[in-house]
Amino acid sequence: DQVAGLRLAGVPACALYGRPDGGEHAQVREEVLSGRCALLFVSPERLFAPGGGLQALLVRAGVGHIAVDEAHCISQWGHDFRPEYRRLRELRQTFPGVPVGAY
């Protein structure tokens with residue numbers, strides 16, 4: 001578990017994957033907005049979930065950098081590997097000036 005390992009190393013990390021329950025989402029939201037979460041792991045599916053609530057939260061929190069993990073999968077299996085990866089270009093509009101790296 002990446003988040004647990006980072007926390008053990010002293011990095012304030014949190015994650016939003018799949019469909020968290022309301023309590024988990026509220027806790028992560030609070031950690032992000034308060035600055036207690038310096039590194040947030042989020043799946044593209046969560047990032048582009050209908051409603052755009054997560055992106056609005058990240059804009060409000062002042063995201064400083066976006067890292068796209070698993071980027072090699074696109075070149076290996078094509079964009080249909082995970083359709084939300086095709087939407088990653090939208091991040092440039094939502095987060096203008098924020099560096100985006102693909103790893």
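A: Contact here means heavy atoms within 4.5 Å. With neighbours within four places in sequence left aside, Leu88 is in contact with Phe48 and Val68.

Q: What kind of model is this, and how are residues numbered?

A: This is a predicted model, in which local features need pLDDT of at least 70 and side-chain atom pairs count only at pLDDT 80 or more, while totals for chains, interfaces and linings use all residues. Residues are numbered from 1 along each chain as its sequence is written, and side-chain values use heavy atoms, with hydrogens and water left out.

Q: How many residues has the largest nonpolar core, and which have the most contacts inside it?

A: The largest nonpolar core has 17 residues, and Val32, Leu47, Leu54, Leu58, Leu88, Leu91 and Phe95 have the most contacts inside it. Strand S1 (13-16), helix H2 (22-34), H4 and S3 each supply at least two residues of this core. H4 gives the largest share, three residues.

Q: What counts as a core, and what counts as buried?

A: A nonpolar core is a set of buried Ala, Val, Leu, Ile, Met, Phe, Trp, Tyr and Cys residues joined through side-chain atoms within 4.5 Å. Buried means under 20% relative accessible area, exposed over 50%, and partly exposed in between, with a 1.4 Å probe and protein chains only. Helices (H or I, at least four residues) and strands (E, at least two) are DSSP runs, numbered from the N terminus.

Q: New topic. How many salt bridges are there?

A: Three, where a salt bridge is a side-chain nitrogen of Lys or Arg within 4 Å of a carboxyl oxygen of Asp or Glu.

Q: Which residue does Glu31 pair with?

A: Glu31 forms a salt bridge with Arg7, and the closest N and O atoms are 3.5 Å apart. The pair links distant parts of the chain, with Glu31 in helix H2 and Arg7 in helix H1 (residues 2-8), 24 residues apart.

Q: Is Glu31 buried or exposed?

A: Glu31 counts as buried because its relative accessibility is 12%. Arg7, at 44%, counts as partly exposed. Neighbours within four places in sequence aside, Glu31 is in contact with Arg7, Cys14, Arg36 and Cys37.

Q: And the other bridges?

A: Glu30 and Arg36 meet through their side chains at 3.6 Å, N to O. Glu30 is partly exposed at 41%, as is Arg36 at 48%. Arg87 and Glu90 form a salt bridge at 2.9 Å, N to O. Arg87 counts as partly exposed at 34%, and Glu90 likewise at 28%.

Q: On to the largest pocket. How much space lies in it, and which residues lie nearest its centre?

A: About 820 Å³ lies in the largest pocket. Its lining has 29 residues, with Leu40, Phe41, Val42, His65 and Ala67 nearest the centre. Strand S2 (39-42), helix H3 (44-47), helix H4 (53-61) and strand S3 (66-68) are the elements that give two or more residues to this lining. The largest share, four residues, comes from S2.

Q: How is a pocket defined?

A: On a 1 Å grid over the protein atoms alone, a cavity is a set of points where a 1.4 Å probe fits but cannot get out, and a pocket is an open set with protein on both sides within 12 Å along at least five of seven lines; lining residues have an atom within 4 Å of a point.

How values were computed. Grid points are joined across faces, edges and corners, and a volume is the space filled by probe spheres set on the points.
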